[in-house]
Amino acid sequence: MNSMDTGILDIVLQFNQKKILVLGDLIVDRFIHGESSRISPEAPVPVLDVQYENEQLGGAGNVAANLTALGATVYLCTVVGEDLFETQVKPLLAEHRIQANYLVRDDSRKTEIKTRLVAQQQTVVRFDVGDKNAISEASEGLLIDLLEEAYLTADAVLIADYEKGVITAHVIGALQQLHEKHPKFIAIDSKRLEAFKALQPTLVKPNYRQALELLKVNANAETNRVKQFMSIGNRLFNKTNAAIVALTLDADGALWLERNKEPLLMPAKSVTHACVCGAGDTYISTATLALIAGATKPQAARLATIAAGCVVEKEGTATCTRSEIIANANSEMKAIDAVSILSDLIDQLKTAGKRIVFTNGCFDILHCGHTYYLQQAKKLGDVLIVGINTDKSVRRLKGNSRPINTLKDRTEVLAAFSSVDYIISFGDGLAGDNPSELIKSLKPDIVVKGENYQQEDLPEAKVIQEIGAELILLPFTHGQSTSTIIRRIQGRSSTKNPAKMKAL
Ligand SMILES: Nc1ncnc2c1ncn2[C@@H]1O[C@H](COP(=O)(O)OP(=O)(O)O)[C@@H](O)[C@H]1O
Ligand SMILES: O=P(O)(O)OC[C@@H](O)[C@H]1O[C@@H](OP(=O)(O)O)[C@@H](O)[C@@H](O)[C@@H]1O
(Lines give C-alpha, C1' and ligand atoms only; values in the text may rest on other atoms or scores of the structure.)
(Ligands and ions follow the chains in the order given, each with its own letter.)
Protein backbone atom coordinates (compact mmCIF):
# COMPACT_ATOMS: atom_id res chain seq x y z
CA MET A 1 0.00 0.00 0.00
CA ASN A 2 1.39 3.45 -0.80
CA SER A 3 -0.18 6.90 -0.78
CA MET A 4 -1.12 6.78 -4.48
CA ASP A 5 -2.97 3.51 -4.03
CA THR A 6 -4.80 4.74 -0.94
CA GLY A 7 -5.86 7.73 -3.04
CA ILE A 8 -7.10 5.47 -5.80
CA LEU A 9 -9.16 3.44 -3.37
CA ASP A 10 -10.73 6.62 -1.95
CA ILE A 11 -11.67 7.64 -5.48
CA VAL A 12 -13.23 4.30 -6.36
CA LEU A 13 -15.23 4.42 -3.12
CA GLN A 14 -16.81 7.71 -4.26
CA PHE A 15 -18.13 6.27 -7.53
CA ASN A 16 -21.46 5.31 -5.98
CA GLN A 17 -22.19 8.91 -5.04
CA LYS A 18 -22.01 10.10 -8.65
CA LYS A 19 -24.90 10.70 -11.03
CA ILE A 20 -24.16 10.62 -14.74
CA LEU A 21 -26.36 11.66 -17.62
CA VAL A 22 -25.58 9.37 -20.57
CA LEU A 23 -26.73 10.69 -23.92
CA GLY A 24 -26.38 8.64 -27.08
CA ASP A 25 -27.35 5.73 -29.29
CA LEU A 26 -28.53 2.56 -27.61
CA ILE A 27 -27.48 -0.62 -29.40
CA VAL A 28 -28.34 -4.26 -28.70
CA ASP A 29 -25.34 -6.56 -29.15
CA ARG A 30 -26.29 -10.15 -29.98
CA PHE A 31 -23.58 -12.82 -29.87
CA ILE A 32 -24.07 -16.26 -31.41
CA HIS A 33 -21.27 -18.54 -30.21
CA GLY A 34 -20.30 -21.84 -31.73
CA GLU A 35 -17.59 -24.12 -33.03
CA SER A 36 -16.52 -24.39 -36.62
CA SER A 37 -14.60 -27.30 -38.04
CA ARG A 38 -15.34 -27.13 -41.75
CA ILE A 39 -15.92 -24.85 -44.71
CA SER A 40 -19.35 -24.78 -46.29
CA PRO A 41 -19.71 -26.69 -49.59
CA GLU A 42 -21.93 -23.83 -50.90
CA ALA A 43 -19.47 -20.98 -50.48
CA PRO A 44 -15.98 -20.48 -48.98
CA VAL A 45 -17.29 -19.64 -45.50
CA PRO A 46 -17.02 -21.50 -42.18
CA VAL A 47 -20.01 -23.51 -40.97
CA LEU A 48 -20.88 -22.58 -37.38
CA ASP A 49 -22.34 -25.23 -35.06
CA VAL A 50 -24.21 -22.93 -32.71
CA GLN A 51 -23.75 -23.64 -28.98
CA TYR A 52 -25.30 -20.64 -27.24
CA GLU A 53 -26.50 -17.07 -27.79
CA ASN A 54 -26.72 -14.01 -25.61
CA GLU A 55 -27.60 -10.34 -25.82
CA GLN A 56 -26.02 -7.36 -24.13
CA LEU A 57 -26.57 -3.63 -24.02
CA GLY A 58 -24.34 -1.87 -26.52
CA GLY A 59 -23.34 1.69 -27.44
CA ALA A 60 -24.74 4.22 -24.94
CA GLY A 61 -26.45 1.24 -23.23
CA ASN A 62 -23.05 -0.31 -22.59
CA VAL A 63 -21.72 2.99 -21.23
CA ALA A 64 -24.72 3.13 -18.87
CA ALA A 65 -24.19 -0.52 -17.83
CA ASN A 66 -20.52 0.15 -17.14
CA LEU A 67 -21.34 3.18 -15.03
CA THR A 68 -23.89 1.31 -12.91
CA ALA A 69 -21.45 -1.61 -12.49
CA LEU A 70 -19.01 0.95 -11.10
CA GLY A 71 -21.65 2.09 -8.61
CA ALA A 72 -22.93 5.30 -10.27
CA THR A 73 -26.54 6.34 -10.80
CA VAL A 74 -27.31 6.76 -14.50
CA TYR A 75 -29.88 8.80 -16.40
CA LEU A 76 -29.85 7.21 -19.85
CA CYS A 77 -31.26 9.68 -22.40
CA THR A 78 -31.87 7.97 -25.71
CA VAL A 79 -34.51 6.95 -28.24
CA VAL A 80 -35.35 3.27 -28.72
CA GLY A 81 -37.69 1.56 -31.12
CA GLU A 82 -40.79 -0.15 -29.71
CA ASP A 83 -39.75 -3.26 -31.69
CA LEU A 84 -37.17 -4.51 -29.18
CA PHE A 85 -38.23 -2.60 -26.07
CA GLU A 86 -40.30 -5.12 -24.12
CA THR A 87 -38.45 -8.24 -25.21
CA GLN A 88 -34.80 -7.18 -25.30
CA VAL A 89 -34.09 -3.67 -24.01
CA LYS A 90 -36.25 -3.58 -20.87
CA PRO A 91 -34.90 -6.83 -19.36
CA LEU A 92 -31.31 -5.76 -20.09
CA LEU A 93 -31.88 -2.36 -18.47
CA ALA A 94 -33.34 -4.06 -15.40
CA GLU A 95 -30.42 -6.48 -15.23
CA HIS A 96 -28.01 -3.53 -15.09
CA ARG A 97 -30.17 -1.46 -12.71
CA ILE A 98 -30.63 1.33 -15.28
CA GLN A 99 -33.81 3.40 -14.93
CA ALA A 100 -35.95 3.58 -18.06
CA ASN A 101 -37.42 7.01 -17.12
CA TYR A 102 -35.29 8.97 -19.54
CA LEU A 103 -35.84 6.82 -22.63
CA VAL A 104 -38.05 7.91 -25.49
CA ARG A 105 -39.89 4.98 -27.09
CA ASP A 106 -40.63 5.49 -30.77
CA ASP A 107 -42.86 3.00 -32.58
CA SER A 108 -41.72 4.24 -35.98
CA ARG A 109 -38.10 3.37 -35.26
CA LYS A 110 -36.10 0.15 -35.41
CA THR A 111 -33.49 -0.21 -32.66
CA GLU A 112 -29.97 -0.97 -33.84
CA ILE A 113 -29.15 -4.65 -33.25
CA LYS A 114 -25.72 -5.97 -34.10
CA THR A 115 -25.40 -9.70 -34.45
CA ARG A 116 -21.98 -11.31 -34.27
CA LEU A 117 -21.24 -14.90 -35.20
CA VAL A 118 -18.34 -16.08 -33.08
CA ALA A 119 -16.42 -19.28 -33.83
CA GLN A 120 -13.85 -20.38 -31.24
CA GLN A 121 -13.81 -16.85 -29.71
CA GLN A 122 -13.17 -15.26 -33.11
CA THR A 123 -15.87 -13.03 -34.62
CA VAL A 124 -16.45 -14.33 -38.13
CA VAL A 125 -19.09 -11.89 -39.29
CA ARG A 126 -21.26 -9.08 -37.89
CA PHE A 127 -24.52 -7.91 -39.37
CA ASP A 128 -26.41 -4.78 -38.32
CA VAL A 129 -30.15 -4.17 -38.49
CA GLY A 130 -31.84 -0.95 -37.41
CA ASP A 131 -32.48 2.70 -38.22
CA LYS A 132 -29.52 5.03 -38.50
CA ASN A 133 -31.41 8.04 -39.79
CA ALA A 134 -32.04 11.05 -37.52
CA ILE A 135 -34.79 10.59 -34.93
CA SER A 136 -38.19 12.14 -35.72
CA GLU A 137 -38.97 15.71 -34.64
CA ALA A 138 -41.46 14.40 -32.09
CA SER A 139 -38.88 12.08 -30.50
CA GLU A 140 -36.30 14.85 -30.60
CA GLY A 141 -38.62 17.18 -28.68
CA LEU A 142 -39.34 14.53 -26.04
CA LEU A 143 -35.64 13.67 -25.73
CA ILE A 144 -34.71 17.34 -25.20
CA ASP A 145 -37.36 17.63 -22.45
CA LEU A 146 -35.94 14.59 -20.67
CA LEU A 147 -32.40 15.86 -21.17
CA GLU A 148 -33.31 19.16 -19.50
CA GLU A 149 -34.86 17.29 -16.59
CA ALA A 150 -31.87 15.01 -16.01
CA TYR A 151 -29.18 17.62 -16.68
CA LEU A 152 -29.56 19.66 -13.50
CA THR A 153 -29.24 16.75 -11.09
CA ALA A 154 -26.35 15.07 -12.91
CA ASP A 155 -22.71 15.52 -11.83
CA ALA A 156 -21.48 14.97 -15.38
CA VAL A 157 -22.67 14.32 -18.91
CA LEU A 158 -21.23 11.46 -20.94
CA ILE A 159 -22.00 11.52 -24.66
CA ALA A 160 -21.78 8.11 -26.36
CA ASP A 161 -22.41 9.04 -29.98
CA TYR A 162 -22.33 6.15 -32.45
CA GLU A 163 -23.92 8.24 -35.24
CA LYS A 164 -27.12 6.18 -35.23
CA GLY A 165 -29.38 9.23 -35.34
CA VAL A 166 -30.11 10.08 -31.69
CA ILE A 167 -27.76 13.04 -31.36
CA THR A 168 -29.06 15.63 -33.80
CA ALA A 169 -27.93 19.25 -34.17
CA HIS A 170 -30.97 20.32 -32.09
CA VAL A 171 -30.02 17.94 -29.28
CA ILE A 172 -26.46 19.31 -29.27
CA GLY A 173 -27.88 22.86 -29.31
CA ALA A 174 -30.14 22.13 -26.32
CA LEU A 175 -27.21 20.68 -24.39
CA GLN A 176 -25.09 23.70 -25.25
CA GLN A 177 -27.72 26.05 -23.82
CA LEU A 178 -27.92 24.03 -20.62
CA HIS A 179 -24.12 23.94 -20.36
CA GLU A 180 -23.85 27.72 -20.84
CA LYS A 181 -26.26 28.33 -17.95
CA HIS A 182 -25.00 25.52 -15.70
CA PRO A 183 -21.54 24.34 -16.76
CA LYS A 184 -20.90 20.63 -16.12
CA PHE A 185 -18.17 18.11 -16.76
CA ILE A 186 -18.80 16.82 -20.30
CA ALA A 187 -17.06 13.71 -21.65
CA ILE A 188 -17.48 12.65 -25.27
CA ASP A 189 -16.85 9.47 -27.24
CA SER A 190 -17.77 10.07 -30.87
CA LYS A 191 -16.58 9.44 -34.41
CA ARG A 192 -17.29 13.12 -35.18
CA LEU A 193 -15.83 14.97 -32.23
CA GLU A 194 -15.71 18.22 -34.20
CA ALA A 195 -19.52 18.36 -34.11
CA PHE A 196 -19.36 18.87 -30.32
CA LYS A 197 -16.75 21.65 -30.26
CA ALA A 198 -19.21 24.25 -28.98
CA LEU A 199 -19.69 22.20 -25.80
CA GLN A 200 -16.03 22.73 -24.82
CA PRO A 201 -15.82 19.23 -23.35
CA THR A 202 -13.58 18.43 -20.40
CA LEU A 203 -12.67 15.01 -21.79
CA VAL A 204 -12.79 13.42 -25.24
CA LYS A 205 -11.75 9.86 -26.04
CA PRO A 206 -10.95 9.23 -29.66
CA ASN A 207 -9.37 5.91 -30.60
CA TYR A 208 -6.43 5.87 -33.00
CA ARG A 209 -8.51 5.62 -36.17
CA GLN A 210 -10.82 8.44 -35.07
CA ALA A 211 -7.86 10.67 -34.14
CA LEU A 212 -6.29 10.13 -37.58
CA GLU A 213 -9.59 10.99 -39.25
CA LEU A 214 -9.95 14.15 -37.18
CA LEU A 215 -6.50 15.31 -38.24
CA LYS A 216 -6.96 14.03 -41.80
CA VAL A 217 -3.82 11.92 -41.54
CA ASN A 218 -3.58 8.65 -43.48
CA ALA A 219 -3.04 5.42 -41.59
CA ASN A 220 0.31 3.72 -42.00
CA ALA A 221 0.87 0.31 -40.46
CA GLU A 222 4.60 1.03 -40.00
CA THR A 223 4.06 4.10 -37.80
CA ASN A 224 4.90 4.09 -34.09
CA ARG A 225 1.52 5.39 -32.91
CA VAL A 226 2.71 6.69 -29.55
CA LYS A 227 5.60 8.68 -31.07
CA GLN A 228 3.32 9.96 -33.83
CA PHE A 229 0.79 11.43 -31.39
CA MET A 230 3.45 12.70 -29.00
CA SER A 231 4.34 14.90 -31.93
CA ILE A 232 0.99 15.75 -33.59
CA GLY A 233 -1.41 15.16 -30.67
CA ASN A 234 -1.68 18.84 -29.71
CA ARG A 235 -3.54 19.48 -32.99
CA LEU A 236 -6.46 17.56 -31.48
CA PHE A 237 -7.20 20.46 -29.10
CA ASN A 238 -8.20 22.83 -31.91
CA LYS A 239 -10.30 20.11 -33.51
CA THR A 240 -12.21 19.24 -30.33
CA ASN A 241 -11.91 22.22 -27.97
CA ALA A 242 -11.37 19.65 -25.21
CA ALA A 243 -9.35 20.21 -22.04
CA ILE A 244 -8.13 16.58 -21.98
CA VAL A 245 -7.75 14.19 -24.89
CA ALA A 246 -7.49 10.53 -23.83
CA LEU A 247 -6.33 8.91 -27.04
CA THR A 248 -6.86 5.16 -26.70
CA LEU A 249 -4.51 2.90 -28.62
CA ASP A 250 -6.06 -0.55 -27.98
CA ALA A 251 -3.26 -2.99 -26.97
CA ASP A 252 -0.78 -0.09 -26.70
CA GLY A 253 -2.82 1.55 -23.93
CA ALA A 254 -3.64 5.25 -24.01
CA LEU A 255 -1.96 8.60 -24.37
CA TRP A 256 -3.43 11.41 -22.26
CA LEU A 257 -2.87 14.86 -23.70
CA GLU A 258 -3.46 18.17 -21.99
CA ARG A 259 -2.59 21.63 -23.34
CA ASN A 260 0.93 22.75 -22.36
CA LYS A 261 1.56 19.59 -20.34
CA GLU A 262 3.78 16.58 -20.97
CA PRO A 263 1.77 13.71 -22.53
CA LEU A 264 1.10 10.77 -20.23
CA LEU A 265 1.40 7.25 -21.63
CA MET A 266 -0.48 4.53 -19.76
CA PRO A 267 0.35 1.07 -21.13
CA ALA A 268 -2.44 -1.52 -21.39
CA LYS A 269 -2.55 -4.84 -19.60
CA SER A 270 -1.11 -7.60 -21.74
CA VAL A 271 -3.98 -9.95 -22.59
CA THR A 272 -3.58 -13.19 -24.54
CA HIS A 273 -7.02 -13.24 -26.08
CA ALA A 274 -8.59 -9.77 -25.91
CA CYS A 275 -12.28 -9.35 -26.66
CA VAL A 276 -12.23 -5.64 -27.42
CA CYS A 277 -15.90 -4.90 -28.11
CA GLY A 278 -16.93 -2.09 -25.77
CA ALA A 279 -13.47 -1.53 -24.21
CA GLY A 280 -13.65 2.14 -25.17
CA ASP A 281 -17.04 2.47 -23.42
CA THR A 282 -15.59 1.05 -20.21
CA TYR A 283 -12.56 3.30 -20.57
CA ILE A 284 -14.47 6.57 -20.87
CA SER A 285 -16.98 5.59 -18.16
CA THR A 286 -14.23 4.88 -15.63
CA ALA A 287 -12.14 7.91 -16.62
CA THR A 288 -15.18 10.19 -16.22
CA LEU A 289 -16.12 8.84 -12.79
CA ALA A 290 -12.51 9.02 -11.63
CA LEU A 291 -12.02 12.62 -12.76
CA ILE A 292 -15.24 13.88 -11.21
CA ALA A 293 -14.32 12.05 -8.00
CA GLY A 294 -11.14 14.16 -7.88
CA ALA A 295 -8.58 11.79 -9.41
CA THR A 296 -5.39 13.20 -10.87
CA LYS A 297 -4.85 12.45 -14.59
CA PRO A 298 -2.43 9.56 -13.86
CA GLN A 299 -4.89 8.09 -11.35
CA ALA A 300 -7.82 8.40 -13.77
CA ALA A 301 -5.79 6.92 -16.62
CA ARG A 302 -4.70 4.07 -14.40
CA LEU A 303 -8.22 3.28 -13.22
CA ALA A 304 -9.61 3.43 -16.77
CA THR A 305 -6.84 1.10 -17.94
CA ILE A 306 -7.51 -1.36 -15.14
CA ALA A 307 -11.25 -1.39 -15.96
CA ALA A 308 -10.69 -1.75 -19.73
CA GLY A 309 -8.14 -4.50 -19.05
CA CYS A 310 -10.77 -6.28 -17.00
CA VAL A 311 -13.49 -6.18 -19.73
CA VAL A 312 -11.23 -7.25 -22.61
CA GLU A 313 -10.66 -10.47 -20.71
CA LYS A 314 -14.41 -11.15 -20.69
CA GLU A 315 -16.59 -12.48 -23.47
CA GLY A 316 -18.72 -10.08 -25.55
CA THR A 317 -19.67 -6.56 -24.47
CA ALA A 318 -18.89 -6.49 -20.76
CA THR A 319 -18.67 -4.40 -17.60
CA CYS A 320 -16.22 -4.13 -14.72
CA THR A 321 -17.30 -3.63 -11.10
CA ARG A 322 -15.63 -1.51 -8.44
CA SER A 323 -14.53 -4.66 -6.64
CA GLU A 324 -12.93 -5.94 -9.82
CA ILE A 325 -11.02 -2.69 -10.22
CA ILE A 326 -9.69 -3.06 -6.69
CA ALA A 327 -8.88 -6.74 -7.20
CA ASN A 328 -7.13 -5.99 -10.49
CA ALA A 329 -5.13 -3.07 -9.15
CA ASN A 330 -1.57 -4.00 -8.32
CA SER A 331 -0.95 -6.27 -5.41
CA GLU A 332 0.22 -3.41 -3.21
CA MET A 333 -3.37 -2.32 -2.97
CA LYS A 334 -4.32 -4.83 -0.34
CA ALA A 335 -5.81 -2.63 2.34
CA ILE A 336 -9.54 -2.20 1.86
CA ASP A 337 -11.36 0.26 4.05
CA ALA A 338 -14.96 -0.62 3.21
CA VAL A 339 -16.54 -3.86 4.41
CA SER A 340 -19.10 -3.66 1.57
CA ILE A 341 -16.38 -3.56 -1.10
CA LEU A 342 -14.50 -6.45 0.48
CA SER A 343 -17.64 -8.54 0.84
CA ASP A 344 -18.50 -7.92 -2.86
CA LEU A 345 -15.00 -8.99 -3.74
CA ILE A 346 -15.31 -12.13 -1.60
CA ASP A 347 -18.62 -13.01 -3.31
CA GLN A 348 -16.92 -12.78 -6.68
CA LEU A 349 -13.92 -14.82 -5.54
CA LYS A 350 -16.26 -17.49 -4.13
CA THR A 351 -18.21 -17.59 -7.40
CA ALA A 352 -14.88 -18.17 -9.12
CA GLY A 353 -14.43 -21.21 -6.83
CA LYS A 354 -11.92 -19.69 -4.40
CA ARG A 355 -11.86 -20.67 -0.72
CA ILE A 356 -11.64 -17.68 1.59
CA VAL A 357 -9.63 -17.85 4.81
CA PHE A 358 -9.99 -15.19 7.51
CA THR A 359 -7.83 -14.44 10.50
CA ASN A 360 -7.39 -11.42 12.71
CA GLY A 361 -5.00 -9.83 15.15
CA CYS A 362 -3.07 -6.73 16.22
CA PHE A 363 0.09 -7.44 14.16
CA ASP A 364 2.02 -4.78 16.06
CA ILE A 365 5.64 -5.90 15.82
CA LEU A 366 5.85 -8.70 13.31
CA HIS A 367 8.14 -11.70 13.92
CA CYS A 368 8.75 -15.15 12.43
CA GLY A 369 5.81 -16.55 14.42
CA HIS A 370 3.50 -14.30 12.40
CA THR A 371 5.19 -15.26 9.14
CA TYR A 372 4.70 -18.97 9.82
CA TYR A 373 1.16 -18.52 11.11
CA LEU A 374 0.03 -16.45 8.08
CA GLN A 375 1.68 -18.86 5.64
CA GLN A 376 -0.13 -21.80 7.26
CA ALA A 377 -3.43 -19.88 7.25
CA LYS A 378 -3.07 -19.07 3.56
CA LYS A 379 -2.38 -22.74 2.74
CA LEU A 380 -5.80 -23.67 4.12
CA GLY A 381 -7.52 -21.95 1.17
CA ASP A 382 -6.89 -19.65 -1.78
CA VAL A 383 -7.32 -16.11 -0.45
CA LEU A 384 -6.27 -14.86 2.98
CA ILE A 385 -8.11 -11.91 4.50
CA VAL A 386 -6.62 -10.38 7.63
CA GLY A 387 -8.69 -8.33 10.06
CA ILE A 388 -6.41 -5.91 11.94
CA ASN A 389 -7.40 -4.15 15.16
CA THR A 390 -7.57 -0.35 15.08
CA ASP A 391 -5.20 1.58 17.35
CA LYS A 392 -7.93 2.24 19.92
CA SER A 393 -8.84 -1.42 19.94
CA VAL A 394 -5.20 -2.51 20.48
CA ARG A 395 -4.97 0.00 23.34
CA ARG A 396 -8.03 -1.50 24.98
CA LEU A 397 -6.74 -5.04 24.54
CA LYS A 398 -3.05 -4.59 25.34
CA GLY A 399 -2.80 -1.46 27.46
CA ASN A 400 -1.98 2.21 26.95
CA SER A 401 1.60 1.63 25.80
CA ARG A 402 0.35 -0.23 22.73
CA PRO A 403 0.26 -0.31 19.81
CA ILE A 404 3.91 0.45 19.18
CA ASN A 405 3.13 0.96 15.48
CA THR A 406 0.13 2.85 14.16
CA LEU A 407 -2.62 1.12 12.19
CA LYS A 408 -1.26 2.64 8.98
CA ASP A 409 2.25 1.30 9.63
CA ARG A 410 1.04 -2.11 10.84
CA THR A 411 -1.09 -2.41 7.70
CA GLU A 412 1.76 -1.42 5.43
CA VAL A 413 4.08 -4.07 6.92
CA LEU A 414 1.36 -6.74 6.77
CA ALA A 415 0.63 -5.84 3.13
CA ALA A 416 4.22 -6.76 2.25
CA PHE A 417 3.53 -10.43 3.16
CA SER A 418 2.93 -12.53 0.05
CA SER A 419 0.62 -14.79 2.08
CA VAL A 420 -1.76 -11.89 2.81
CA ASP A 421 -4.27 -10.96 0.10
CA TYR A 422 -6.51 -8.32 1.73
CA ILE A 423 -6.45 -6.40 4.99
CA ILE A 424 -9.34 -4.69 6.73
CA SER A 425 -9.36 -2.90 10.05
CA PHE A 426 -11.95 -3.51 12.76
CA GLY A 427 -12.50 -2.90 16.45
CA ASP A 428 -14.34 0.40 16.67
CA GLY A 429 -17.77 -0.90 15.68
CA LEU A 430 -20.64 -2.26 17.74
CA ALA A 431 -18.97 -5.63 18.26
CA GLY A 432 -16.03 -3.88 19.95
CA ASP A 433 -12.66 -5.58 19.86
CA ASN A 434 -13.79 -8.93 18.53
CA PRO A 435 -14.26 -9.60 14.80
CA SER A 436 -17.79 -11.12 14.99
CA GLU A 437 -19.49 -8.40 12.94
CA LEU A 438 -16.73 -8.45 10.36
CA ILE A 439 -16.85 -12.24 10.01
CA LYS A 440 -20.63 -12.08 9.70
CA SER A 441 -20.36 -9.58 6.81
CA LEU A 442 -17.46 -11.25 5.00
CA LYS A 443 -18.65 -14.86 5.36
CA PRO A 444 -15.28 -16.58 4.88
CA ASP A 445 -15.14 -20.37 4.41
CA ILE A 446 -12.50 -20.81 7.11
CA VAL A 447 -11.64 -18.79 10.20
CA VAL A 448 -8.17 -19.33 11.63
CA LYS A 449 -7.07 -18.58 15.20
CA GLY A 450 -3.96 -19.37 17.22
CA GLU A 451 -4.25 -22.59 19.23
CA ASN A 452 -3.88 -20.70 22.50
CA TYR A 453 -7.65 -20.09 22.12
CA GLN A 454 -10.30 -22.64 22.98
CA GLN A 455 -13.38 -22.62 20.76
CA GLU A 456 -15.64 -21.97 23.75
CA ASP A 457 -13.59 -18.87 24.77
CA LEU A 458 -14.00 -17.23 21.40
CA PRO A 459 -16.66 -14.48 21.25
CA GLU A 460 -16.84 -15.00 17.47
CA ALA A 461 -17.47 -18.78 17.76
CA LYS A 462 -21.26 -18.25 17.54
CA VAL A 463 -21.02 -16.23 14.31
CA ILE A 464 -18.56 -18.70 12.78
CA GLN A 465 -21.11 -21.44 13.42
CA GLU A 466 -24.02 -19.32 12.10
CA ILE A 467 -22.34 -18.64 8.75
CA GLY A 468 -21.28 -22.27 8.43
CA ALA A 469 -17.54 -21.51 8.38
CA GLU A 470 -14.93 -23.93 9.65
CA LEU A 471 -12.81 -22.88 12.65
CA ILE A 472 -9.20 -24.05 12.51
CA LEU A 473 -6.75 -23.52 15.37
CA LEU A 474 -3.13 -23.26 14.27
CA PRO A 475 -0.08 -23.75 16.51
CA PHE A 476 1.88 -20.65 17.49
CA THR A 477 5.69 -20.70 17.18
CA HIS A 478 6.98 -21.27 20.69
CA GLY A 479 8.50 -18.23 22.42
CA GLN A 480 7.59 -15.76 19.69
CA SER A 481 5.30 -12.85 20.55
CA THR A 482 5.27 -9.08 20.23
CA SER A 483 5.06 -8.73 24.03
CA THR A 484 8.15 -10.97 24.51
CA ILE A 485 10.06 -8.85 21.99
CA ILE A 486 9.08 -5.66 23.79
CA ARG A 487 10.10 -7.14 27.16
CA ARG A 488 13.41 -8.29 25.68
CA ILE A 489 14.12 -4.80 24.33
CA GLN A 490 13.09 -3.22 27.62
CA GLY A 491 15.34 -5.62 29.55
CA ARG A 492 18.32 -4.73 27.39
CA SER A 493 17.63 -1.03 27.47
CA SER A 494 17.14 -0.92 31.25
CA THR A 495 20.67 -2.17 31.86
CA LYS A 496 22.33 -0.13 29.14
CA ASN A 497 20.29 3.04 28.72
CA PRO A 498 17.34 3.60 31.08
CA ALA A 499 16.46 6.90 29.39
CA LYS A 500 15.89 5.14 26.06
CA MET A 501 13.74 2.53 27.72
CA LYS A 502 11.39 5.24 28.96
CA ALA A 503 11.02 6.58 25.49
CA LEU A 504 9.82 3.18 24.29
N1 LIG B 1 -5.95 -5.86 -27.22
C2 LIG B 1 -6.00 -5.22 -26.06
N3 LIG B 1 -5.24 -5.64 -25.03
C4 LIG B 1 -5.28 -4.99 -23.85
N5 LIG B 1 -6.04 -3.91 -23.61
C6 LIG B 1 -6.80 -3.44 -24.59
C7 LIG B 1 -6.84 -4.07 -25.87
N8 LIG B 1 -7.70 -3.40 -26.64
C9 LIG B 1 -8.19 -2.39 -25.89
N10 LIG B 1 -7.64 -2.40 -24.66
C11 LIG B 1 -7.90 -1.45 -23.56
O12 LIG B 1 -9.09 -0.71 -23.86
C13 LIG B 1 -8.81 0.68 -24.06
C14 LIG B 1 -9.71 1.23 -25.16
O15 LIG B 1 -9.52 0.48 -26.34
P16 LIG B 1 -9.58 1.06 -27.81
O17 LIG B 1 -9.69 -0.13 -28.71
O18 LIG B 1 -8.44 1.96 -28.05
O19 LIG B 1 -10.93 1.94 -27.81
P20 LIG B 1 -12.29 1.76 -28.65
O21 LIG B 1 -12.94 0.52 -28.10
O22 LIG B 1 -13.04 3.01 -28.36
O23 LIG B 1 -11.90 1.62 -30.08
C24 LIG B 1 -7.30 0.72 -24.37
O25 LIG B 1 -6.73 1.97 -24.02
C26 LIG B 1 -6.78 -0.41 -23.49
O27 LIG B 1 -6.64 0.02 -22.14
O1 LIG C 1 -19.79 2.20 -34.91
P2 LIG C 1 -20.39 0.86 -35.13
O3 LIG C 1 -19.34 -0.20 -35.36
O4 LIG C 1 -21.49 0.78 -36.13
O5 LIG C 1 -21.13 0.53 -33.75
C6 LIG C 1 -20.51 0.33 -32.51
C7 LIG C 1 -19.98 -1.08 -32.35
O8 LIG C 1 -18.76 -1.18 -33.03
C9 LIG C 1 -19.75 -1.47 -30.90
O10 LIG C 1 -18.96 -0.47 -30.26
C11 LIG C 1 -18.57 -0.83 -28.95
O12 LIG C 1 -17.86 0.23 -28.36
P13 LIG C 1 -16.28 0.47 -28.51
O14 LIG C 1 -16.15 1.37 -29.65
O15 LIG C 1 -15.56 -0.84 -28.66
O16 LIG C 1 -15.91 1.14 -27.20
C17 LIG C 1 -19.79 -1.10 -28.07
O18 LIG C 1 -20.49 0.11 -27.81
C19 LIG C 1 -20.69 -2.10 -28.73
O20 LIG C 1 -21.85 -2.20 -27.95
C21 LIG C 1 -21.06 -1.66 -30.15
O22 LIG C 1 -21.83 -2.65 -30.77
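Start by selecting strand E15, residues 383–389, together with strand E16: five bridges join the two, and they run parallel. Keep in mind as you click around that this is a predicted model.

Now zoom in on the pairing. Pick isoleucine 385 and look across to E16, where tyrosine 422 stands opposite.

Stay with E16 and select residues 422–426. How many of its five residues are buried? Five of the five are, so the strand counts as mostly covered.

Next stop: helix H12, residues 339–351. Its 13 residues reach 18 Å from the first C-alpha to the last, close to the 18 Å expected at 1.5 Å a residue. Show side chains for Ile341, Leu342, Leu345, Ile346 and Leu349, the buried residues of H12. Why do they end up on the same side of the helix? Because they cover an arc of only 135° around the axis. Then move along to glycine 353, which follows H12 and has a positive phi, near 85°.

Last, select ligand 1 and the 19 residues around it. Which ones come nearest? Thr248, Ala274, Ala279, Gly280 and Ala308 do. Colour this shell by class and you'll get 11 nonpolar, six polar and two charged residues. H10 gives the most, with four residues.

Notes
Residues numbered from 1 in each chain as written. Chains lettered and ligands numbered in written order. Predicted model: local features only at pLDDT ≥ 70, side-chain atom pairs only at ≥ 80, totals over all residues. Expected span 1.5 Å × (residues − 1). Buried ≥ 20, exposed ≤ 12 C-beta atoms within 10 Å, placed from the backbone. Arc of directions from axis to C-beta. Pairing = 2+ DSSP bridges. Near = placed C-beta within 6 Å. Nonpolar A, V, L, I, M, F, W, Y, C, P; charged D, E, K, R; others polar.
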